[in-house]
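Here are a few notes to go with your first look at this protein. Take a moment with the picture, then read on.

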Amino acid sequence: MRTQLTPDTLSGQQLLLAPEVTLLPDGPASGYAVLITDGVFTEVGPAAELTRRHSRLAVRHLDGQLLMPGFVDAHHHLTQSFGKALAFGEPSEIFRRVWVPLESRLDEESAYLAAKLSALESLRGGFTTVADAGTRAGIDLGAVADATTEAGLRCVLAQVGNDLDPDPRAAAAEAEAHLAHWSGHRLVHASLAVSIPEAASDAVLRRLSALSAEAGAVFQVHVNEHLAAVERSLVACGRRPLEQLHHAGALGPQLLAAHATLLTPRELHLLAETGAAVSYNPVASAWKGNAVAPATAMAAAGIRFGLGTDGTRGDAFRLMDAAEFAQRLAYGLASGDSSCGAGWTWLEHATAGSADAVGLGQVTGRIAAGLAADYLLVDLTVPELRPSHDLTWELVRLANRDQITAVVVEGKLRLWRGWPTEWDGPALVSQAAKAAEKVLAEAEVHRVHPTAAEHRRNGAR
Ligand SMILES: [Zn+2]
């Protein structure tokens, strides 16, 4: 029986869904069904078998729809959304000129609005989980957690523990309290962070990393982001950022190293040997870096990695496309590697690989029994995807967020055709825009690059 697809199709305490295609961990499959009970995938298997076993349940056929895992953004800064459009054309190290002045002006209310605006953008872009690397705003992190939870986004929420900053942040005791506070929360997963290795003492790096490992949490650090960062570290402590983490005894599977674009052969070896994970952020590399993480080589070496936006734009399909494209331009063209990850590498690392990198490999990122029902329905009946010959590649190169019919997190419908069903999305957008104007009027942001229009005028003179 054909099901008329409406938001109600996806509601109920127990659901038997039979999409046209299901994206399983080893690739797309037709003729499959999923059983969702209380927000968890309880069974995934051939539709005929599941239908027979659960004959009392009405099967909801999702013709023309792909059911796939929600994407996981492995590196984000949720409270930077008010300034995301100030970074274009800027040279690296914009944290000094844009993020520090902006985030230091946020109070709990404006931080909440900034984070909720980010969360809505992420959900619209197909992300069901984001890893926040820690805010510079001096606020209670409850404001960020409220924003993501109310929007319905799963969040890995870091507390920053820099102890060598001019403005030292939480000490180890506070880190322990943070980990304990969020333990058992359904949508918030605590994490610890230092912004860059030289912002913390060796002892704190080692301690926060160990505490993360004990708690099953991730320890987030910006590592080897660009030449400016590598040289800053060499001047400060005589070691490159990743070497410094190694020196401090902070490397391990709990480490989530953001960027890792400039890696020596020894550093690649250190990542592989210690099981540390990387967030490969291709859009951030293009917009404000000077190198692209060697992700194809990392995949070949078994280095764990996910894909991250770094707050550039919350669009998972464009991120995946950028991940492939950047590898191709930076490495594939030079070596004649026309496959360059064979499509599946980027889809897998945007979903299961990212979930693993942010410490949630047993929670989300795959359509598999026992995992949270964090999924997307994607419309396959658009001209861009017909005829279809290799859906995996097509998702990487041709799919678009306007095809996302539904975004579901923990079995609950969060967005329907791009907008929340249970709260007023457009009202939030307009409220956040007003708050951003006020914050930016007060923040001493220093932009080096003029706006596009000013740049054009200057050039024409
Ligand atoms: Zn970052």
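1. A definition to start with: two strands count as paired if DSSP finds at least two bridges between them. Keep in mind, too, that what you're looking at is a predicted model.

2. With that in hand, look at strand S9 (residues 188–194) and strand S10 (residues 219–223): they pair in the parallel sense, over 3 bridges. Val194 sits opposite Val221 in S10.

3. Helix H6 (residues 202–215) packs on the sheet here, where it touches S9, S10 and strand S11 (255–259). The direction of H6 makes about 160° with that of S9. Helix H8 (residues 241–248) lies across S10 and S11, and runs at about 140° to S10.

4. Now zoom out to the sheet itself. It is open and built from 8 strands with parallel pairing, in the order S6-S7-S8-S9-S10-S11-S12-S13. Strands S6 (71–76) and S13 (304–307) are at the edges with a single partner strand each, so one side of each has no neighbour in the sheet. On average, neighbouring strands are turned by 25° against each other, direction ignored.

5. What about the whole protein? There are 17 helices and 17 strands. Its radius of gyration is 22 Å, close to the 23 Å that the globule rule gives for 461 residues, so the protein is as compact as a globular protein of that length. The C-alpha trace spans about 65 × 55 × 50 Å along its principal axes.

6. Of the contacts between residues at least 6 apart in sequence, 76% join residues at least 24 apart.

Methods: Residues are numbered from 1 along each chain as its sequence is written. This is a predicted model: local features need pLDDT of at least 70, side-chain atom pairs count only at pLDDT 80 or more; totals for chains, interfaces and linings use all residues. Helices (H or I, at least four residues) and strands (E, at least two) are DSSP runs, numbered from the N terminus. Axes are lines fitted to C-alpha atoms, for helices over the stretch in contact, and angles run from 0 to 180 degrees between N-to-C directions. Two residues are in contact if their C-beta atoms, placed from the backbone, lie within 7 Å. The radius of gyration is taken over C-alpha atoms; the globule rule is 2.2 Å times the number of residues to the power 0.38.
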